[in-house]
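Work through the following exercises with the sequence and the structure in view, and try each task before reading its solution.

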Amino acid sequence: MADAMRADVPGPEEARVGSGTVPTTVEGHLPDGLIAAFDAYERALAADDQVALAASFEPTATVMRADAGGLLVGHDSITAFRGRRGSGPVRRVLECHVRVVAADAALIVSVNAPASGGRGVVTQLWRREPGSGSGSPDGRPWRIASAQVQAPPPAIDRRVWRVVGEPLVSGRRDDGVTGAAPPTGSRAGSADGGGPSSTRPLAGETVAVKDLFAVSGHAIGAGVPARLAGATTEPHHAAAVRHLLDAGADLRGIAQTDEFAYSIAGRNSAYGTPPNPAVPGSISGGSTSGPAAAVSLGQASIALGTDTGGSLRVPASYQGLWGIRTTHGAVDRTGLLPLAPAFDTVGWLTRDADTLRRAAETSVPVADQVSVEPTYVVDPALLASVAPEVRAEFGRALDEATAAGRIERPEPVVLGDVAQLFELFRVLQAFEAWQSDGAWISAHPGELAADVAARFAFGATVSPRRAEEARVALGDERRRLEYLLAGRVLVLPSASSAAPSLSATAAEVDAVRSATLGLTCIAGVLGAPAVSAPVLEVPIAPGRQAPVGLCLVGPRGGDLALLDLAATWAT
């Protein structure tokens, strides 16, 4: 690098990134080949040379790379991240600072200017391969052992948010007014900046709203840009949005969803996959994907979402959040874009049990609630479809709770042919989804991801007669299951596995989806409340754990009591 300011270096070692030279400072004696290795890495990044980039990192299980999305550990994880990200960022290195810490180790901190603007900082620990000697630049004896990447933060992460404000809509103030922006310098949602009160139990809380709910002055996009472009603005808030605002919460923004909410993966072909800070490098879970990520990232304290086949419970499980799918029909769905009305429910995600209960109390009719006895049942057959590590952790949690005297040993039950139950659920859901959105989809071919389009295409083939047969059969199954459970609480994993990797193939994600829906459809068939509690952890790599939810399915109308029961699992 030209214009170098160096200590203890006998002669300049010029380094070039692209066609330019970079001012450099060096503390200590600069080892041979280090700057050349750094420059080669930057050139490989600019060229998106996947082979060279992989070779730049130590080929070990302990090599690390961190950015705003979290920490990746292990060469395989870093290589997979590179592959799925596509072309690397276009950036120009502005300055470089080297601190030599040993003969074969050095810290390099570089400042870069991304083409998109702003400034970034990259901190790398470079180490020379053992036994390589001084080596040569072409042999690339220096490799990155650890890297911390600090990029300029985006104003809005479009993977998470569709529109956001400070706040977008303010909650009810002490004078009862809702929807006006708070005075400058005051606490959002409060005229006096004070804390929560009995009339504003959610004062100080912020909400990420799934892009299926009406927000006055904004259109519903349902995760599909073409639909958003043609949609009209909503004149009123959805009932569930209004309830949160009336309780004093501020609406932080409208967050992304999987296309028409017909997925539980969290992937969106137009907006991308929201990050999963609990398991960096893994999918976020959907379809309440954007609101879940907003809560997990700390950008909102409450996610308002929907759950048809698991769209709240799965992101809760994958990201270590608390979540509830409410009793079908218990929460007013006015202003909600439907997917499958026979199963659609409203619910919330939070980082703690207390906030979840306070959010639920805003919309669940308290007078209609029933008590729930702490008697648990489990169907061992349900565990056959879950990953071995989930099965082991689920059993450990039950054994530990039983040994500690917190619960009685769960009684075994046989729910019957769950595969047939899921098939009936799938048929009716697909039929209703096509009735809800088929006309728009037919008029806008090619706007959906292949997997979502395939589900709608199946729905188009379901005849009204077949749908009605499934509806009748599901009614019989509901009555049978209610008799079998007799008011007891079914306990099971919230998902069949921890969050799959972002590099998982479509076939792998679909297999996980099918196994998970075999668990989540039970509450849907029952029309019952289900709470996902973040109390399970499974190993995903040496020294690394990932969350999995413990799901409690209770009797209809027992939403708040079920939340209280679930909270005892966190003690």
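A residue counts as buried when its relative accessible area is under 20%, and as exposed when that area is over 50%. The model used in these exercises is a predicted one.

**Exercise 1.** Decide whether cysteine 551 and cysteine 521 are buried or exposed, and state how many disulfides the structure holds.

Solution. Begin with cysteine 551, whose relative accessible area is 3%, so this residue falls under the 20% cut-off and is buried. Continue with cysteine 521, which has a relative accessible area of 1% and is therefore buried by that cut-off. Finally, look for disulfides: the structure holds zero of them.

**Exercise 2.** Work out which strand holds arginine 162, and whether this residue is buried or exposed.

Solution. Arginine 162 is found in strand β11, which runs over residues 161-169. Its relative accessibility is 12%, and because the limit for buried is 20%, arginine 162 counts as buried. As a further step, compare sequence and space: arginine 162 and lysine 210 are separated by 48 residues in sequence, while their C-alpha atoms are 9.5 Å apart.

**Exercise 3.** Characterise the largest cavity by its volume and its lining.

Solution. The count of cavities of 30 Å³ or more comes to two, and the largest cavity holds about 80 Å³ of space. It is lined by 13 residues, of which Ser263, Ile264, Gly309, Gln429 and Arg513 are the closest to its centre. Helices α10 (418-443) and α13 (506-526) each supply at least two residues of this lining, and by class the lining divides into six nonpolar, six polar and one charged.

**Exercise 4.** Find which element gives the largest share of the lining of the second largest pocket.

Solution. The second largest pocket, with about 420 Å³ of space, is lined by 23 residues. Elements β6, α3 and β20 each supply at least two of its lining residues, and the largest share, five residues, comes from α3.

How values were computed. Residues numbered from 1 in each chain as written. Predicted model: local features only at pLDDT ≥ 70, side-chain atom pairs only at ≥ 80, totals over all residues. Heavy atoms only, no water. Disulfide = S-S within 2.5 Å. Buried < 20%, exposed > 50% of the residue type's maximum accessible area, 1.4 Å probe, protein only. 1 Å grid on protein atoms, 1.4 Å probe; cavity = no way out; pocket = protein on both sides within 12 Å on 5 of 7 lines; lining within 4 Å. Points joined across faces, edges and corners; volume = space filled by probe spheres on them. Helix = DSSP H or I, 4+ residues; strand = E, 2+ residues; numbered from the N terminus. Nonpolar A, V, L, I, M, F, W, Y, C, P; charged D, E, K, R; others polar.
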